Amino acid sequence: MKKLLISLWLSATVFLCTACGSTPSVQENIKADPPPQSVLVYGSNDYTRINPAMDEHGEINILLFNGLTAHNGKNEVVPCLAKRWEFDENTNTYTFYLQEHVKWHDGEAFTAEDVKFTIDAVRNPENGSENAPNYEDIVQIRVIDDYTVAFQLEAYHAAFLDYMALPILPAHCLAGEDMQESEFFRHPVGTGPYRLKRWEEGQAIVLEKNEDYFLEKAKISQIVFKIVPDDTVRAVQMEAGELDLALLAPKDAQSFAGREAYTCYDMKTSDYRGILFNFQNAYWQKNKDLIPAICYALDKEAMVDAILLGHGEAAYSPLQRNRYCYDGAQHYDYNPKKARQILEEAGCTMGSSGFYERDGEEVGFVLSVGAGDQVRADLAQAAAQQLREAGIQCTVDIPVQVDWEGQMAYLIGWGSPFDADDHTYKVFGTKKAANYSGYSNKDVDKWLVKARQSPDEKVRAKAYAQFQEALAKDPAFAFLCYVDAAYVAKSGVRGIAEDTVMGHHGVGIFWNVTEWTIQ
């Protein structure tokens, strides 16, 4: 199941040649769509499905669905489908009081049964959701009436309200359906400010304004997710006027700076890149002690300057842009001399090929990277070159489909702008659903649980500091850099909140989409 989830996630970055050749028909369809008041065309990665319960990285989710909670421009938790809630400290129970008279896009009424159905589906291990660790503390879900639902937890959970922003799905559409394979996820029905109008495979996903939306109705009548998975092609189409908004690679975005027809948004993110080591691979089971040498051999500042053009910063922690960042943990700043020292102290000797050897085998590995993401590809090539210069043989591979159990390493990305529990507990916790490296460290597990279960800010800060120290001593990743989101829009697009910190893949720009206008 893990392979299926990841292959679906990777499809958002794979370059599809059909997208390049589909421009005329997509543009004709866009122009033919009434009403003509306002249409925003967004350069999007591809989707194989829209399934926010099982997957996480869909920019489109927030347009089609709502959660019980949401996040505002400061990434704070605010009410959404739940108009208010209460917490009973004695029983660790959250009670949510829901908005009444909310309709699904098909006209059916939204109720508390939909909430219970969605969270139960995510928690069900047979469904293989990468979001499951967020809800594993739930002991019981009780539907009190149509508009009241209670969650009893086994312990206090500091991030629980953040996780209640999960998009709620309609039970009447999905009851009895396969939560991975259902056709619903190609024809989704939500409660959000936009509804699906049509889906042209490999070309465009067309959304239209939900006239019955229970909150502020959108001002833009249609949003078209035009499928342009390749970074370079997206920049070309932005230049040609075929897109109104797109996330571009830094080197492409800079060509639009200072031009009257465009607005450039250099937005901070919590989105980092790093080298994931696959501890399920026999190589790392034997050579795990060499990972600190790899970390020291990487010149992160050079990557930020040359590849990100300064739009980011060197990374050393998954919480670096979180309030619980602990700067005292090991950074592994660039030190090739230290890298060589570690290798030699581990018994490695320089071979005739110019690379270190250990027990008669060359020290090195293959670094895999997904296709279509030029920044990741450039980072992978830069990392490989720097490692070779330090005497570690590293080559880059761009597979059609990633073999998560068989590969040696992957140019990974993670990061959340919300509670520190998000993208740490499920990524680094032993056997958690998003721990794709097979990493396991009992101290990391202990401190992540401690931080999750404490309501005390000082206790959480200490626990996350201990977590970051433990992770640095036993690295799961070789952290590279945080990548800012370089969005470019036509100057007529108004209302984008440029100060909001974006999430992984730059996700989050649509949080206030109902306020946007286009001229």
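Student: Which residues of helix α16 are buried?
Tutor: In α16, residues 442-452, they are Val 444, Trp 447, Leu 448, Ala 451 and Arg 452. Buried means under 20% relative accessible area, exposed over 50%, and partly exposed in between, with a 1.4 Å probe and protein chains only. Helices (H or I, at least four residues) and strands (E, at least two) are DSSP runs, numbered from the N terminus.

Student: What puts these residues on the same side of α16?
Tutor: They cover an arc of only 135° around the axis, so they lie on the same side of α16. The arc is taken from the directions from the helix axis to the C-beta atoms. The buried residues of α16 pack against α6 (160-163), α15 (425-428) and α17 (457-473), where contact means heavy atoms within 4.5 Å.

Student: What sort of model is this, and how are the values taken?
Tutor: It is a predicted model: local features need pLDDT of at least 70, side-chain atom pairs count only at pLDDT 80 or more, and totals for chains, interfaces and linings use all residues. Residues are numbered from 1 along each chain as its sequence is written, and side-chain values use heavy atoms, with hydrogens and water left out.

Student: How many aromatic pairs are there?
Tutor: The count comes to 32 aromatic pairs. Rings of Phe, Tyr and Trp (its six-membered ring) pair if their centres lie within 6.5 Å; planes under 30 degrees apart count as stacked, over 60 as edge-to-face and the rest as tilted. One of them is Trp 85 with Phe 96, at 6.0 Å centre to centre and 50° between the planes, which is tilted.

Student: What does the pair of Trp 85 and Phe 96 tie together?
Tutor: Trp 85 lies in strand β4 (residues 82-88) and Phe 96 in strand β5 (residues 93-98), so the pair ties together parts that are eleven residues apart in sequence.

Student: Why is the pair of Tyr 272 and Phe 479 called edge-to-face?
Tutor: Their ring centres are 5.3 Å apart and their planes are at 70°, so the pair is edge-to-face. Tyr 272 in strand β13 (residues 272-277) and Phe 479 in strand β21 (residues 477-483) are 207 residues apart. Both Tyr 272 and Phe 479 are buried.
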